[in-house]
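Dear colleague,

I am handing over the structure below, together with some notes on what was found in it. Please look through it before reading on.

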Amino acid sequence: MALMSASNTDTPPAAADLPREGGARPRRPRRPIGRSSGSRPRTSRWVEASMVLPALVVFVGLLVVPVGYAVYYSFTDYNGFPTQTPEIVGFDNYVRLFESADVRGSMVVTAIVAVAGSMVINAAALGLALLLWRTTRFTAFARVVMFYPHVLSLIVVGFLWSAILGPQGAVNSLLESVGSSPLPFLSDETWALATLILVIAWAQFGVQLLIYLAGLQAVPAELLEASRMDGANRWQTFRHVTWPALAPSVTVALITSMISLIKTYDVVVSLTGGGPAGSTKTFAYQILAVEFPKRQVGLASAEAVVLILVAAILAFGVLALRRRHDQGVQE
Amino acid sequence: MLVNLTDNLTKDFWNDLVKPFEDETGIDVKIEGPTGTNVSETFSSQLAAGTAPDVVQSIFPDDQIAPEVLDLSDESWVEDTPMVDTYAIDGKRLVAGVGSQAQSLVYYNKTAFEKAGVKATPQTWDEFDAALGKLAEAGYTPLQTAGQWETGLQLQQLWHPTLNTEQPEWQSAVADEKLTLGDAFEPMFEHYATWLGDGYIKKTDVGLDPTTADANFMDGKVGMYPLGSWLVASLDNAGELPFEVGVFSPPVDEGMAYPGPQGATMASPYMVYAGSERSDEALQLVEYLVTDQAAIESQLTADGVFRAGASVEQSPVATEIQAIIDEAPELVTVGEGAGDIRLPVVGLNDKFTEIVQSLYTGTSPEDAAKALDDWAEQNG
């Protein structure tokens with residue numbers, strides 16, 4: 001069987017360039033966009049720069065300046081009040097951060113939430129995207145329903161699931177009414193962490209679902225058709241055609257879900273309060289609910305800087321892996 | 001004014017409370033609830049952002065807050081407010097309150113005690129253990145608890161009378177390195193671990209929210225429920241309960257005088273932001289809240305608050321609490337302490353709850369005490 005695989009071809013053609021059902025349509029010749037930079041007049045450069053400037057101002061004002069402040073405060077002893085002057089303490093906050101058993105514990109919890117959570121989110125989102133790929137009345141409705149949890153505030157989500165899974169919640173009341181023992185969804189350390197991950201996955205997979213649905217729309221129809229003609233079954237079609245074409249979507253979905261998960265805070269507040277016994281205390285919870293209320297702005301800022309670095313390393317790491325994979329495919 | 005919003009203290013309550021003041025003075029009072037998880041966190045954020053409210057309710061001054069709030073020492077109306085000197089820092093009166101909230105109370109189901117054959121409320125830990133056993137045999141949940149802040153707070157509340165008898169001003173003793181937090185609480189961790197092992201506390205209760213725990217007690221299936229005096233307001237609002245509620249001061253060690261010192265906090269504390277552009281109006285508002293008879297009575301009844309000499313009609317449970325306060329040899333500060341009697345670390349209550357909850361998951365009392373000392377060392 002000569003199974004056609006996208007990974008054996010050059011870069012797949014863009015969806016707009018593909019022939020549609022009912023026959024091919026003539027392609028318009030592509031026009032070159034602009035001129036080469038070497039031949040651009042000086043006025044053109046000024047115009048381009050002026051167009052970039054507003055975005056640059058917003059970027060610097062909303063991202064670079066706050067992060068810059070966080071980095072500065074991370075080297076100070078400061079309670080955040082205007083009457084106190086930040087006192088430079090060098091790397092003390094970073095040393096304290098890694099020496100603190102509480103902070104190390106919250107890092108471990110966050111790593112588990114990020115890895116396990118992103119696996120659950122992406123598996124659920126991809127599975128449902130494959131089910132809801134074709135547009136029908138039902139799938140259109142189902143997509144809205146699936147995205148709905150993402151619209152809810154995570155604080156509300158936490159309270160909602162706490163009422164369902166709490167020791168006297170709906171599920172345990174039902175179990176007790178049929179003579180079964182209650183399940184310790186929120187009262188056992190391991191169960192509580194698993195519950196937290198699943199609740200976050202329920203609340204957040206909507207965005208990843210949309211990413212995968214968009215990615216699936218771009219899978220070349222002629223490749224799918226060709227694989228079917230070659231006798232490939234559904235799994236083979238998915239493995240050798242759909243999956244490789246979805247790779248960029250997987251990258252985006254993974255990065256966005258992991259970055260979102262390492263910042264997990266709201267749902268912890270309303271679902272578990274970090275308990276029992278600190279078993280669901282995430283790194284962001286440690287920063288916002290423990291260090292800031294203690295007015296340890298320097299230490300909290302150091303933790304925030306570490307969080308930013310981890311997010312950046314994750315994002316660039318996944319992107320680098322993706323590039324290496326793509327280069328491997330092309331070679 | 002930044003205020004605490006609870007089941008008892010709703011936004012409507014606060015608006016109604018300040019309405020007469022607004023009508024009389026023409027000053028418009030805007031009530032705001034916490035935007036973070038609590039008032040303390042919100043006030044800290046607002047101070048940092050330069051958007052602090054003119055008046056803040058429900059939190060107490062400490063070394064960091066002190067420079068940010070007005071010294072009320074020169075205000076004559078502060079003189080007679082409850083516990084004002086207990087909360088003074090270096091002689092400065094920075095906060096004024098409405099009354100006192102008793103912290104170390106054990107509510108109990110009188111019907112359950114009768115059915116279980118518990119003839120008198122326990123005064124020693126041995127008697128308390130025996131009562132728990134009898135309540136369990138009679139089919140009641142012997143001791144109700146909950147997760148979140150309640151797990152740790154209850155343990156502290158139960159231990160205050162014993163700890164303060166053994167080591168008066170124990171927070172200062174810790175600050176002076178004459179006592180460690182672990183040594184202070186390890187005996188109570190041992191009591192608690194025994195109750196958990198004997199099934200007197202449901203291990204699943206650690207995942208329960210405090211409001212549900214209140215409801216469980218009011219349903220009549222619970223024997224004892226340690227909590228502060230604020231539960232009175234909920235009990236009074238619950239209407240007729242299927243049992244009679246009683247209340248007693250927690251037990252003490254054999255040989256100690258009973259009742260022991262009663263843990264108490266200033267109720268409805270108010271501070272005025274030093275950077276307020278309307279400090280005169282803010283001071284007028286606080287004066288009204290802590291001295292106006294109608295305002296005081298409204299606050300006393302809303303949240304289980306007590307004040308000597310107040311002519312508020314009390315429920316039978318509130319009357320029992322008033323008697324406990326009157327009989328207590330002294331009112332002592334709780335948790336991290338207050339005024340000049342304070343621990344050298346902040347953030348005790350959250351960590352304490354975490355450590356108490358670890359007893360549910362198999363940590364030994366010795367390890368729990370060590371974890372408390374380690375935390376104090378790392379954060380002191």
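Which backbone oxygen lies 2.5 Å from a polar atom of the side chain of Ser74(A)? That backbone oxygen belongs to Val71(A). Before going further, please note that this is a predicted model, in which local features need pLDDT of at least 70 and side-chain atom pairs count only at pLDDT 80 or more, while totals for chains, interfaces and linings use all residues. Residues are numbered from 1 along each chain as its sequence is written, chains are lettered from A and ligands numbered from 1 in the order in which they are written, and side-chain values use heavy atoms, with hydrogens and water left out.

To stay with Ser74(A), this residue sits in the loop between helix 1 (42-73) and strand 1 (76-77) of chain A, where helices (H or I, at least four residues) and strands (E, at least two) are DSSP runs numbered from the N terminus. Ser74(A) has a relative accessible area of 0% and is therefore buried, a term that stands for under 20% relative accessible area, with exposed for over 50% and partly exposed in between (1.4 Å probe, protein chains only). Leaving aside residues up to four places away in sequence, Ser74(A) is in contact (heavy atoms within 4.5 Å) with several residues, among them Gly90(A), Tyr94(A) and Val305(A).

Just after helix 8 of chain A, Gly231(A) takes a positive phi of about 90°.

Finally, 27 residues of chain A are in contact with 28 residues of chain B. In chain A, Phe81(A), Lys294(A) and Arg295(A) lose the most area to chain B, together 24% of what that side buries, where buried area is the accessible area (1.4 Å probe) that two parts lose on being put together, summed over both. Between the two chains there are three salt bridges, each a side-chain nitrogen of Lys or Arg within 4 Å of a carboxyl oxygen of Asp or Glu, and one joins the side chains of Asp62(B) and Arg295(A) (2.9 Å, N to O).

With best wishes

Key. A polar contact is a pair of N or O atoms within 3.5 Å; within protein, one must be able to donate a hydrogen and the other to accept it, and residues adjacent in sequence count only if both atoms are side-chain atoms.
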